[in-house]
Amino acid sequence: MKLHYGLVLEGGGLRGLYTSGVIDLFLEKEIEFPFVIGVSAGAGYGCSFVSKQYGRNLRVMREFRKDPRYLSLKSYIKTGNYFGLDFIYDEIPKHIPFDTKAFLESQTRFITVCSNVETGEAEYFDKEEDILQALKASSAVPFMSRIIEYKGKKLLDGGITDAIPLKKSIELGFSKNVVILTHPEGFRRKNRFHPSWFFYRKYPKFIKAINSYVARYNESLEFVEEEAKKGNVLLIRPSENLKVKRTESDISKLERLYELGKKDAAAFSIFQNDVPHC
């Protein structure tokens, strides 16, 4: 069943195992979307959905979360990345292959969101042969990652400039969207101190983007919720607060979050096989 909706995937590090559960449920139900846009971990996990590799994200977490090359202070000291982006996107696919051919040949348009540190604005990249480099950039968390260059641009985590890219999906022609968030209802971000001036003093526009991030994120949440009330968005987010961190190390907790994603998605009648084409 192909839904004429856009699919919008928020980031959130390992909280993205919730998203993985939701999109694996979609694969079980043979549900496809003409358009997917993902940010940070949402983009990383969403690729396996477009390539139709059921369970791949869960398998990666189970087999490699405890590997210090995946996520650790050791990785940060050695590579400059707390999340081992080269290990995640270059080494792990050698052991758990990513079906690049299926991904590129899919009729689903896929966009990865990154943040341009020189302009302080979002950059949107369509799928190409070198998609993994864009995924690294989208997942490169500020203060915890090196700046990544792609297509002549200096990039970091897409969540800083467009954390929930619903407006972009609407702009590209999808008035109806499925939005997957990784925090439960009622969540709002709070301001906290960021040493952005120290890390990014060469990039004043990016500092401005970081400093306004919380307000813009909360505004994006409110917009998503308003569109959901209007019936333009089918909003899927954790029905329980399992208190999973971006850098969560408890594999059993991550497995529960994955199963919660499948359970929450299955609760929507639109994703049942006997529902007519939308």
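Reader: How much space lies in the largest cavity?

Author: This is a predicted model, in which local features need pLDDT of at least 70, side-chain atom pairs count only at pLDDT 80 or more, and totals for chains, interfaces and linings use all residues. Residues are numbered from 1 along each chain as its sequence is written, and side-chain values use heavy atoms, with hydrogens and water left out. On a 1 Å grid over the protein atoms alone, a cavity is a set of points where a 1.4 Å probe fits but cannot get out, a pocket is an open set with protein on both sides within 12 Å along at least five of seven lines, and lining residues have an atom within 4 Å of a point. With points joined across faces, edges and corners, and volume taken as the space filled by probe spheres set on them, the largest cavity holds about 380 Å³.

Reader: Which residues are the closest to the centre of the largest cavity?

Author: The lining of the largest cavity divides into 17 nonpolar, six polar and two charged residues (Ala, Val, Leu, Ile, Met, Phe, Trp, Tyr, Cys and Pro count as nonpolar, Asp, Glu, Lys and Arg as charged, and the others, Gly among them, as polar). H2, H3, H5 and H7 each supply at least two lining residues (helices, H or I, at least four residues, and strands, E, at least two, are DSSP runs numbered from the N terminus). Of the 25 residues that line the largest cavity, the closest to its centre are Gly-44, Tyr-45, Tyr-70, Ile-88 and Tyr-89.

Reader: Against which elements do the buried residues of H5 pack?

Author: In helix H5 (residues 85–95), the buried residues are Leu-85, Phe-87, Ile-88, Tyr-89, Ile-92 and Pro-93 (buried means under 20% relative accessible area, exposed over 50%, partly exposed in between, with a 1.4 Å probe and protein chains only). Contact means heavy atoms within 4.5 Å. The buried residues of H5 pack against helix H2 (41–50), helix H3 (56–64), helix H7 (131–138) and strand S5 (148–150).

Reader: What is the volume of the largest pocket?

Author: The largest pocket is lined by 28 residues, and Arg-189, Arg-192, His-194, Tyr-213 and Arg-246 lie nearest its centre. By class, 14 of the lining residues are nonpolar, six polar and eight charged. The volume of the largest pocket is about 650 Å³.

Reader: Which element gives the most to the lining of the second largest pocket?

Author: The second largest pocket holds about 300 Å³ of space. Its lining has 19 residues, with Thr-161, Asp-162, Lys-167, Arg-216 and Ser-220 nearest the centre. Six residues of this lining come from the element that gives the most, H12.
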